[in-house]
Amino acid sequence: MIEVLSIVLGGGKGSRLFPLTKERAKPAVPFGGKFRLVDIPISNCINADLKQIYILTQFNSASLHMHLSQTYNFDTFSKGFVEILAAEQTLEHTGWFEGTADAVRKNLVHFRTQKPNYYLILSGDQLYRMDLEDFLKRHKDSGAAISIACTQVSRDDASALGILKADKNNAITEFLEKPGPTRNIASYKVPTELKRDKAGGDEYLASMGIYIFNASAMEACLDNDLTDFGKEVIPRAINNLKVNAYLFDGYWEDIGTIKNFYEANLDLTTLRPRFDFYDEAHPIYTHARCLPPSKINFSNMNQSIAAEGCIITNASITNSIVGVRTIIESGSSLNGVICMGADYFETEIQKQQNADSRVPNLGIGKGAIIKGAIIDKNVCIGEGCRIGVDDNITRTDGNYENYHIVDGIVVIPKNTVLYPGTII
């Protein structure tokens, strides 16, 4: 019998992260130069010695499956696993997952075989480092049927989150899902004595979408046709069960949109990033690629990150992330750029074939100037390309021939070829 079964919700089509989710599931989106979004919740589980983990997904799961199978291999004696459960047709269920709760309900038949005492529900598109062992202990000590991890947020942020009201014993008495910017929610304000920022600012307690359910409570809460935890299951449970708030005081960011994704990545390049990948006591794990160290030739790099396997020559790179296996040629300039890198190194034969067909090599070509952009994997950017630099180029959001603009950020999709001299 397993005490805790961890379930990472992979989300739906990931439309808010399109085009990064055009060919991959949302949890498989590269992050921070060498990681994937799914590495965050999985690493939090492993650091708490919670090693029985399922990932629920239903869209573009091939690259996610490959990443998980190459990365998370536990020994025989730990009984640990990280497995994908994709939407499937059965005699009882023939459709897609219709929401977070529906996804868990349709997989209870698989979960019950593990006979867990508790279910830990996590999201696949958040950036945080939480002591899940402490979360579990607090849940047990509280005697609650359900515990919800919460963080304090401003009124603006509260509009798109689940807002809750808790008493002095952390028991949740009310829950309001995504109140929007105009609704009066003054009654949900955190009491001054409990506020993290007593001078103002963070005034509301928001659900992080991270839950612990007693196994019996999970069965009871899903014995219906409710489809979503935040909108339906949690509000109903508060009326029937003891539901507690677990107050989390660390950094937490929902990176489910292009803007949040871009800003959370670039924050990693600052002198004091809000999320620290350099915490040896609580590491973030990912695929060990066994690549050579990056080579920097005659270049100027300022507040930037370069993953392994890169070759950067005579380039200027500022506030940018250079992903695995990125080749940056002489005279190039990157400012505020997330470059996800490549899945392979081109051989000399491939480079000759590129030259014969006048296709740029993989990476950033000579003299390319790029500003405020996300460059997905395996992109070929030719010599002299200019991206996001010229003021006379439209920055209107939309999907264009070989690029997208989302929240004013230029996104170059995976496997795109930009021929020499292209201006975006």
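The legends below describe a whole-chain view and two close-up views of a predicted model. Residues are numbered from 1 along each chain as its sequence is written, and side-chain values use heavy atoms, with hydrogens and water left out. Local features need pLDDT of at least 70 and side-chain atom pairs count only at pLDDT 80 or more, while totals for chains, interfaces and linings use all residues.

**View 1. The protein chain has ten helices and 29 strands.** Helices (H or I, at least four residues) and strands (E, at least two) are DSSP runs, numbered from the N terminus. The C-alpha trace spans about 70 × 50 × 40 Å along its principal axes. Of the 424 residues, 52% count as buried (under 20% relative accessible area, 1.4 Å probe, protein chains only).

**View 2. Ser43 lies in helix H1, residues 39-47.** Ser43 counts as buried because its relative accessibility is 0%. Apart from neighbours within four places in sequence, Ser43 is in contact with Tyr72, Pro283, Ile284 and Tyr285; contact means heavy atoms within 4.5 Å.

**View 3. Helix H2 (residues 62-71) has the buried residues Leu64, His67, Leu68 and Thr71.** Seen down the axis of H2, these buried residues fall within an arc of 95 degrees, so they line one face of the helix. The arc is that of the directions from the helix axis to the C-beta atoms. The buried residues of H2 pack against H1, strand E3 (35-36), strand E4 (52-57) and strand E5 (81-86).

Definitions and conventions. Buried < 20%, exposed > 50% of the residue type's maximum accessible area, 1.4 Å probe, protein only.
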